[in-house]
Amino acid sequence: MIGNATEWYDYGVYAYLVNELTTNFFPGHYGHLATLLVYAVSFILRPLGGIVWGPIGDRIGRNSVMALTIILMAVGTFLVGCIPSYDRIGIWAPIVLIVLRVIQGFSTGGEYGGAATFMAEYAPDKRRGFWGSFLEFGTLAGFSGGIIITLILRASLTEHQMDTWGWRIPFLIGLPLGLIGLYLRTRMEDTPVFQELQQNDEVEEAATGALKNLLREHWRPILKLFGLVIALNIADYTLLTYMPTYMSDSLGISSTQSDVVVLIGQLLMMALIWYAGATSDRVGRKPMWWFSLTATFVLAVPCFWLMGQGMAWAIIGFAVLGLVFLPQLGTISATFPAMFPAHVRYAGMAIGYNVATAAFGGTVASVDDSLVSSTGNRYMPAFYMMAAMVVGMVALVFVPETAGKSLRGRGTPGEDEPADDAGRDRPGIHNVSGIRDVSREFGSRRPR
């Protein structure tokens with residue numbers, strides 16, 4: 001959770017400091033759009049990161065890769081705060097910024113798939129939704145932390161101070177946050193599911209083998225995941241990253257007020273995300289997603305209209321949209337990893353999730369901004385969200401229910417019955433309790 005918060009803290013800080021970054025790196029008539037496009041650039045390398053990190057995580061373990069990705073992200077965030085401005089080094093300033101964002105995108109390509117896989121494989125099958133929601137609590141905490149630090153700085157500094165050096169402070173803070181996450185991750189054992197694959201010699205022999213097997217035999221769950229991620233990310237990045245810019249530019253709400261609106265909504269979502277995850281353990285993942293997709297489709301335009309009626313109504317409109325979106329956000333860490341067998345889970349998550357995120361997540365701010373500018377219609381972000389919900393509904397029809405299903409073995413949860421679940425074809429399995437008796441393989445050692 002803390003590692004995920006560190007990753008998304010950077011994305012939040014960048015989104016909330018768009019005006020300051022434009023001043024320092026992209027002065028000119030199209031500077032604002034250029035800053036948003038650089039935000040999207042960091043997503044271009046995410047699929048490549050998923051292709052590289054995912055199969056490695058299936059080969060050597062989830063935890064080793066996650067330790068590397070978090071330090072790459074933290075160092076990249078820190079260095080962004082060290083770049084001289086355009087006034088000092090000219091064109092090299094935006095070039096260095098783009099390079100660092102690319103490195104961060106590459107690291108993030110292995111982060112989320114690994115973190116979700118790690119959480120899902122550690123959680124008990126009957127409570128995977130509850131424990132998986134901690135990961136998205138970390139996401140919201142990262143975004144909220146970015147807003148809080150930005151608000152404190154804007155309240156403490158003049159506009160000139162914020163433009164010249166104050167904007168650097170949030171990025172510099174990213175390094176100690178990353179080191180804390182790295183310290184914690186290096187002291188965690190790998191997941192029981194991965195350790196069982198190792199004990200049974202079922203880990204892919206080479207990272208390239210995992211990737212080849214994934215694309216040949218598991219392209220269907222990748223497509224299903226792709227559809228769900230389109231819906232998830234267009235709503236997610238509209239609400240959590242583009243909304244402050246939208247409120248300032250399209251609704252006339254000040255930067256500080258728009259940050260407060262988003263912060264209140266995020267804190268409310270953080271308070272209830274545990275409930276969304278726990279509810280999915282009782283009623284299933286698909287009913288939660290059906291409710292969220294439908295409600296977001298119906299309420300998108302009314303809530304955007306409310307946000308244009310003043311500060312108080314903006315808080316209500318944003319909070320309502322955030323709450324109906326929560327059943328998606330709070331259950332993805334339990335839903336997405338369960339779409340793949342254990343031996344290709346990290347790769348499947350990393351590749352499927354990041355390809356869709358690169359195409360439809362990182363581009364949300366620039367697409368929404370362009371749609372509003374070109375049409376003059378301030379409801380275009382709501383229409384874009386509605387279209388995404390339809391895509392998610394189509395994909396959800398073909399997704400199996402996996403609540404309570406085991407994630408062990410090489411079978412697909414909800415579709416195949418892994419040998420572990422059936423209590424056969426595995427030495428050391430008791431049919432009555434389903435608890436592994438490792439004493440046959442490891443002498444008198446007690447199971448963990």
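1. Contacts across the sequence. Residues 24 or more positions apart account for 81% of them. Keep in mind that this is a predicted model.

2. Secondary structure. The protein has 22 helices. The strand count is 0.

3. Burial and surface. The protein has 448 residues, and 58% of them count as buried.

4. Asp236, a residue within a helix. Look for Asp236 in helix H13, which spans residues 219-250. Is Asp236 buried or exposed? Asp236 counts as buried because its relative accessibility is 7%, and the cut-off for buried is under 20%.

5. Partners of Asp236. Leave aside residues up to four places away in sequence: Asp236 then touches Thr241, Phe325 and Leu329. Asp236 and Gly322 are 86 residues apart in sequence, yet their C-alpha atoms are 8.9 Å apart in space.

6. Thr412, a residue within a loop. Where does Thr412 lie? Thr412 sits in the loop between helix H20 (380-397) and helix H21 (419-422). Thr412 has 10% relative accessibility, so this loop residue counts as buried.

7. Partners of Thr412. Which residues does Thr412 touch, not counting those up to four places away in sequence? They are Met339 and Pro341. Thr412 and Met339 are 73 residues apart in sequence. From C-alpha to C-alpha, Thr412 and Met339 are 6.7 Å apart in space.

Terms used: Residues numbered from 1 in each chain as written. Predicted model: local features only at pLDDT ≥ 70, side-chain atom pairs only at ≥ 80, totals over all residues. Heavy atoms only, no water. Helix = DSSP H or I, 4+ residues; strand = E, 2+ residues; numbered from the N terminus. Buried < 20%, exposed > 50% of the residue type's maximum accessible area, 1.4 Å probe, protein only. Contact = heavy atoms within 4.5 Å.
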